[in-house]
Amino acid sequence: MMSIPDIRPGQSIELLKELHILTRDGKLNQDSRRKLKQVYHLYQFIEPLLQEVLDAGGELTLADHGAGKSYLGFILYDLFFKSHDAGHIYGIETREELVSRSVELAERLGFARMHFLNMSVDESRRMAELPERFDVVTALHACNTATDDAIRFALDKQARFIVLAPCCQAEVASVLRQHKNRALSKGPLAEIYRHPIHTREFGSQLTNVLRCLRLEAHGYQLTVTELVGWEHSMKNELIIARHTGQPRGNARERLNALLEEFNLESLAERFA
């Protein structure tokens, strides 16, 4: 196999070309070197979780929601699953053409323990053919409410670990705007509603705070950090949840108080 600086030994050169991390002639340019750095940065967060599952005797089942081109799944398989005899990855995506492309690529690369489902996150919750339990559930930039559906999937499947990079959380901002007039009577916080961009960004942050409280109420311990530097993306929050079985005592109380404070009671079921 050809040796390229910055590429880890044993990585599939064909896969890196398909993901546009390598150019078609198999070289790294400045842009592809940046992409590779992002891949390794993400992998360093997830690899210890996968190893912990294997060390504990788990079957290592991973569900990747809103998979898109299954960029994450292919990288994880190439860097970790390929060198282990155990483990299955399930990529769940609504766009049929992306699922078909992923199936073809996995067959071509011999990644036999990758599976792809053409359905929504919510539909996958009710699919009997899926394993009853998943060790790891990921959702990277699954748009809007798909992240919350992925959390519900993870709770249903008693996931040991949940890895989320939320994206475009429009629902909370939309409800905030609906209740703008009520908010205006509450004092200085009304300034959040003065400029739409602030309402949108505040809604995004509030959504993630509510998600964290939801997970803590269900017995998860959280780490919230940056996925990549601000210079690469504004959508870079990474939430890593580890199941401990010990709910944070006031998480549900705080969650409900926030829903009431910002007139978001209509979303209570989503964050249950």
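1. Start with helix H5 (residues 121–125): Asp-122 and Arg-125 both sit in it, three residues apart, about one turn of the helix. They form a salt bridge with the closest N and O atoms 3.1 Å apart (a salt bridge being a side-chain nitrogen of Lys or Arg within 4 Å of a carboxyl oxygen of Asp or Glu). Asp-122 is partly exposed at 25% relative accessible area, and so is Arg-125 at 29% (buried is under 20%, exposed over 50%, partly exposed in between, with a 1.4 Å probe and protein chains only). Helices (H or I, at least four residues) and strands (E, at least two) are DSSP runs numbered from the N terminus.

2. A word on the source: this is a predicted model, where local features need pLDDT of at least 70, side-chain atom pairs count only at pLDDT 80 or more, and totals for chains, interfaces and linings use all residues. Residues are numbered from 1 along each chain as its sequence is written, and side-chain values use heavy atoms, with hydrogens and water left out.

3. On the other salt bridges, the count comes to 16. Arg-242 and Glu-52 meet at 2.6 Å, N to O. Arg-242 is in strand E7 and Glu-52 in helix H2, so this pair ties together parts 190 residues apart in sequence. Arg-200 and Glu-201 also pair up, at 3.4 Å.

4. Now the inside. The largest nonpolar core has 45 residues, and Phe-74, Leu-76 and Phe-111 are among those with the most contacts inside it (a core is a set of buried Ala, Val, Leu, Ile, Met, Phe, Trp, Tyr and Cys residues joined through side-chain atoms within 4.5 Å). H2 gives the most to this core, with 11 residues. A second, separate core of 26 residues includes Tyr-90, Val-121, Phe-134 and Ala-139.

5. Have a look at H3 too: eight of its nine residues are buried, Phe-74, Tyr-77 and Asp-78 among them. Those three are also touched by Phe-111 (contact means heavy atoms within 4.5 Å).

6. Last, helices H6 (residues 146–156) and H9 (residues 196–217) pack at about 5°, axes 12 Å apart. Axes are lines fitted to C-alpha atoms, for helices over the stretch in contact, and angles run from 0 to 180 degrees between N-to-C directions. The two are therefore roughly parallel (angles under 35 degrees). The contact includes Ile-151 and Leu-155 from H6 and Leu-215 from H9.

Notes. Angles under 35 degrees count as roughly parallel, over 145 as roughly antiparallel, 65 to 115 as roughly perpendicular and the rest as oblique. Lists of a residue's contacts leave out its neighbours within four places in sequence.
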